[in-house]
2 protein chains.
Amino acid sequence: MEKYIPFAVLACAVIALVFAAVNFYSVKKKPEGTDKMASISSKIRRGAMAYLKRQYKTVGVFFAVMFVILGVLSFFGMLTPFVPFAFLTGGLFSGLSGFIGMKIATYANSRTANGARESLNKGLKIAFSSGAVMGLTVVGLGLLDISIWFILLKFVFNLPINQITSAMLTFGMGASSMALFARVGGGIFTKAADVGADLVGKVEVGIPEDDPRNPACIADNVGDNVGDVAGMGADLYESYVGSVISCAALGVSAGLNVNGVFVPMLIAAIGIIASIIGTFFVSTKENADQKALLSSLRRGTYISSAISAVASAVLIAVLLPEYMNMIWAVISGLLAGVLIGFFTEYYTSDTYKPTKKLASSSETGSATIIIDGLSLGMLSTAIPVVIIAISIIISFFASGGASGADNAFEMGLYGVGLSAVGMLSTLGITLATDAYGPVADNAGGIAEMSGLEPQVRERTDALDSLGNTTAATGKGFAIGSAALTALALIVSYTNEVGEANLNLAITNPAVLIGLLVGAMLPFLFSSMTMKAVGRAAQKIVVEVRRQFKEIKGLMEGEAEADYESCIDICVKSSLKEMIAPAALGIIAPIIVGFVLGCNGVVGMLAGALVSGFALAIMMSNSGGAWDNAKKYIEAGNYNGKGSENHKAAVVGDTVGDPFKDTAGPSVNILIKLLSMVSIVFASLVASGNLLSLLGL
Amino acid sequence: MEKYIPFAVLACAVIALVFAAVNFYSVKKKPEGTDKMASISSKIRRGAMAYLKRQYKTVGVFFAVMFVILGVLSFFGMLTPFVPFAFLTGGLFSGLSGFIGMKIATYANSRTANGARESLNKGLKIAFSSGAVMGLTVVGLGLLDISIWFILLKFVFNLPINQITSAMLTFGMGASSMALFARVGGGIFTKAADVGADLVGKVEVGIPEDDPRNPACIADNVGDNVGDVAGMGADLYESYVGSVISCAALGVSAGLNVNGVFVPMLIAAIGIIASIIGTFFVSTKENADQKALLSSLRRGTYISSAISAVASAVLIAVLLPEYMNMIWAVISGLLAGVLIGFFTEYYTSDTYKPTKKLASSSETGSATIIIDGLSLGMLSTAIPVVIIAISIIISFFASGGASGADNAFEMGLYGVGLSAVGMLSTLGITLATDAYGPVADNAGGIAEMSGLEPQVRERTDALDSLGNTTAATGKGFAIGSAALTALALIVSYTNEVGEANLNLAITNPAVLIGLLVGAMLPFLFSSMTMKAVGRAAQKIVVEVRRQFKEIKGLMEGEAEADYESCIDICVKSSLKEMIAPAALGIIAPIIVGFVLGCNGVVGMLAGALVSGFALAIMMSNSGGAWDNAKKYIEAGNYNGKGSENHKAAVVGDTVGDPFKDTAGPSVNILIKLLSMVSIVFASLVASGNLLSLLGL
């Protein structure tokens, strides 16, 4: 049987890709709508593609340099020879996930708007299918990468299982680096365009959002695609692959041999099939309200989760019959993802009390809405931490962490790894509901810009508003899975270095200093990304002001704005600005390693994980709540659009933009990238450091 | 010699208190100025005293309850019998420090304004003398508490040295609890009054700051005293005592016996004498500019530090001659405090680039100034972390942490404790320069309210502006010392529980979960305190609006506002609102202890330390920079007062208020209180917990 399992996993990966392709072409063959719609959509697509191409070029240089460095290290025997190549495939597939997801999103936007002209259900189906392309591409490519490398290493190179997992662990670095570039670059692009467009358009000139007279409006829509779609895809690709390979490594160090590797791979494979089945349950009736729309999306996710849980139980019964309780680790992961998603929604959706109360803070102006929004974000960190904590405890105990056996501790940690895999197993469909959001958002923009009937705009608004909720849920998922994955990676790191060589006690000064430095890194990183948004947005503001001043007839709608120049500015500045934060993520673990040694690295990883987790949740939820508080006021509450309350809420939303779409989600990747880089350079760092020279 | 040392330390404490008394009466006998000035000052004093009395009553109930609980636990042998009493003395002395500091501050405000009528130097001298009362009271009472208890336990109860330090460690909890109440309560009071006064006065009605027509203006000035003076005093009292007793405990566990205890006590005693000498060097010439004023304050601090360093070297040479290098631990602590203070100033003073750049963000409105301010605060966390890290490394190695001896590790940690003591040794004078700030602030308010000549106001403005810088430095100090003290307390905790009973490896799930929960606590705590400020400020807004509406002639200056009612609201709401955050600090370690056990507690303490350190710096520095960016604009830059830029900067300042004066500084105390509570309940928690019941 052992021989067939990797190929079965490979087959599931291929099935996912085939389904993605089917969805891709079924969306693409839908009509695009009026000429105007097609033209706007094509402008957005061209802008997005132009960005991605130049991003890949820039990132390509980085990958080439890293390839050479890793190659040299391999040549001198400091890394296994597969690392440089796996580094490339990880980066390539991660980038490809984002590319395909974005391609379909930029096809689907006008088609969704056009579908909404017929009915709400048509609009929903197209947008969701586009999301499904993204979701299935991510899981398909992820599992493809894992299974092909496994097959190569096992059947071609005949490596023993512990060397296979050890080599595969280092593969994540390519995906992480790519993800960080995509998230940070895309995040800067989207928010620079958004903030820049709003500051001049809404505030100074007084034209509505998505107004075609605003020269930055196309850039804003491009941004939704490169940030929320391509960035998110690369991010979750990385979590997905990271969770499977770190769990596999933990399985081997727990002494479970090849079955310990197969279980996470197969749970992921099962999740793919479950996700595909789930996608068929997503549809809605005309005149569906927000709640009905949401439940139609949720139905798909819940069905997939249930299938996944049952099938995983069977799987564990077959492969690890002595450890039947492990299914609770998988289920606790699945549940934790759903629960964190729910509480993210609770804190950020205007159907619940916190965001409604936040909207009421607008009564006393922008300062109080900012204070209360920050405070809401901070408060919202508590429950996800408790959920993750409970999930860790359950997974650890369910997997025999306290059984008293020799490998009890390792088994427990394997369980924690399994819960991460469980949480991400249904990524195919959870990501589909998430990636659906920006498509609906773009569709609304296109409906507005091409002057479609108000009824269509109402429908796209309904879809978009739902998209905000699913985006919030998706972000909760991304953060939760990042925490569990990073945790599994930290443990994997300690196994790589060898626990005998480590003194990980918190009272060890190297560990303590590592913790302090690590906890500071997400703050520093967030500061860098937020400043980057600010700088890029300033450039957009200057350009938009220039166009309003210099292009005669623009304000009257008689002349067309120069959209290209705004896109060009966004492209250039986001590519320039993404370098420094990404460099921080790669260089920090190396410096800390050479100064503090491996103990310090573990401290740094743990510090970055725990403070980054809280900070990312805070930033995402503050941002989400401000956004929805503004929408709540725009819906006619607290004196509605144009009132002083609304102005205060716009300030909140503008502050929230870089919080929730640039800094917050990028921190997720940072904490994983730090671990990945540490793992790749583990043996190098283990060979010596400053503290050990000093005699410690 | 052994017999005389504790009495010598006691003598130094008494000398500090005598000098404080001398300063107290020399300030008090200065003339108060005009009747109007005396009347305003007396209103502020009465308001402040009314608050403190009611605060002590509320806190008294808490202390009574805790005394009974600790008494019962002692009765059943779960705590040493001294704990309940020491808990009381710690709380009493901490409260007394705040009380005396505030008493003199409320006498000195009108006298400083009056002194400024004669010359700048007179104003400076009075305000600084008042600060010196506070500084010397804090160190005097702190060392009094420590030395009396030591004398009692050693010479009356004849306890062995390890039991003495172990008992004294638990004493800090009283001081910590009192400090948290004082900081949180005072912080809520001061910012509720400030924000409330500004929101209606400046924004809605359009009258200047400190205008006597504003019903909340007296409450605002009262707030400066109860928050910035009494709160700060209790806070640093607690750091001071905590650093000495935790270092003493580390000395004993390193096997240094009684000399290990004497060294930190004597370094503190030396610091007192050095501080007193330093105070004589503070004076300035008339027409001194900002720089000359600052350097006159700095001169005192630098001279004290130099004396302290030299005398400590002699001390170590006599008491621990084999460990001469330990002097570098003390010096690294002294230097770290100064450096963190400098970088705090760099990031928050408008004489440097960061705050000037922040002011320029006002060009694009309040949203960008908020984003850039948050980002500035996040960025500013990096250098203090590196400074603390280097200071830990130096202290650890200088004290023989890598000597290879049996007790090498413990010796190294003792060195870290010494660096905390070193940093705080000159607290007598550093706190004096810090507590001087609110006095100058109040003096300015009184000058404004009693309509003194513009020249006087100019002088008090110069003093006040300097006060903002020293307050920033003081905050940096408070945070830095809190980090080192908390660190020493964590290590002391592990020694109390016994390392053999612990598995502190970061990969232990209990530790990891503890880290996650701990890192979240400062966020949750900050959210609670910020929300509290918001709620209390809302009540002030309603009351001020009511008075402007109902009191005829108020706006015209013909009728007097009802100041009392605003003070009353602040008192009531801050006392009510301080309960929940304080409860979090006390209950969290107990719950975590009973669920996760001692390993989890250590994780929690470390998590709270590392994330709290970064978060506190971020909040303090963002707030300070916003405040000074506003002042920079008010000084005529970027279109000056009343412009759109100014309005944007006011929003930033208003957001910064609860950041820098409530949440930020309170987090310092939280991280120490968590450790103190953990230490007191250590034996109880060690007896059993949920995870151990589950078999771990």
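**Two chains around an axis**

Rotate chain B by 180°, with 0.0 Å of shift along the axis, and chain B superposes on chain A with an RMSD of 0.0 Å. In chain B, the C-alpha nearest the axis belongs to A505(B), 2.2 Å from it. Both copies use the same surface: 100% of the contact residues of chain B recur in chain A.

A word on the model and its labels. The model is predicted: local features need pLDDT of at least 70, side-chain atom pairs count only at pLDDT 80 or more, and totals for chains, interfaces and linings use all residues. Residues are numbered from 1 along each chain as its sequence is written, while chains are lettered from A and ligands numbered from 1 in the order in which they are written.

Now look at where the chains meet. 67 residues of chain B are in contact with 67 residues of chain A. Two residues are in contact if their C-beta atoms, placed from the backbone, lie within 7 Å. Several helices of chain B each supply at least two residues of this side, among them α6 (172-205), α16 (454-497) and α19 (579-634). Helices (H or I, at least four residues) are DSSP runs, numbered from the N terminus. α17(B) gives the most, with 17 residues. By class, this side of chain B has 47 nonpolar, 18 polar and two charged residues. Here Ala, Val, Leu, Ile, Met, Phe, Trp, Tyr, Cys and Pro count as nonpolar, Asp, Glu, Lys and Arg as charged, and the others, Gly among them, as polar.

Which residues touch the most other members of the largest nonpolar core? They are L516(A) and L516(B), in a core of 544 residues. A nonpolar core is a set of buried Ala, Val, Leu, Ile, Met, Phe, Trp, Tyr and Cys residues joined through C-beta atoms within 7 Å. A residue is buried if 20 or more other C-beta atoms lie within 10 Å of its own, exposed if 12 or fewer, and partly exposed in between; the C-beta atoms are placed from the backbone. Leaving out residues up to four places away in sequence, L516(A) touches G607(A), V385(B), I388(B), A389(B), V610(B) and F613(B).

L487(A) also has a contact in chain B. L487(A) lies in helix α16 (residues 454-497) of chain A. It counts as buried, with 29 C-beta neighbours inside 10 Å. Beyond residues up to four places away in sequence, L487(A) touches V416(A), L609(A) and L512(B). V416(A) is 71 residues from L487(A) along the chain, yet their C-alpha atoms are separated by 8.3 Å.

Next, take a pair of helices within chain A. Two packed helices are described by the angle between their axes and the distance between the axes. The axes of α10 (residues 327-348) and α13 (residues 382-398) of chain A come within 9 Å and cross at roughly 175°. Axes are lines fitted to C-alpha atoms, for helices over the stretch in contact, and angles run from 0 to 180 degrees between N-to-C directions. α10(A) is therefore roughly antiparallel to α13(A), a label for angles over 145 degrees. Residues making the contact include W328(A), L339(A) and F343(A) of α10(A), and I383(A), I388(A) and A398(A) of α13(A). By class, this contact has twelve nonpolar, four polar and no charged residues.

V226(B) shows contacts within chain B. V226(B) lies in helix α7 (residues 217-253) of chain B. It is buried, with 32 other C-beta atoms within 10 Å. Not counting residues up to four places away in sequence, V226(B) touches residues including A48(B), Y51(B), M102(B) and F189(B).

Finally, turn to the loops. Most residues other than glycine have a negative phi. Phi of N158(A), however, is near 50°, a positive value. N158(A) is found in the loop between α4 (120-156) and α5 (161-169) of chain A. Phi of Y638(B) is near 45°, also a positive value in a residue other than glycine. Y638(B) lies in the loop between α19 and α20 of chain B. Are these two residues buried or exposed? N158(A) counts as exposed, with 8 C-beta neighbours inside 10 Å. Y638(B) is buried, with 21 other C-beta atoms within 10 Å.

Note on methods:
Least-squares fit on C-alpha atoms with pLDDT ≥ 70 in both. Parallel < 35°, antiparallel > 145°, perpendicular 65-115°, else oblique.
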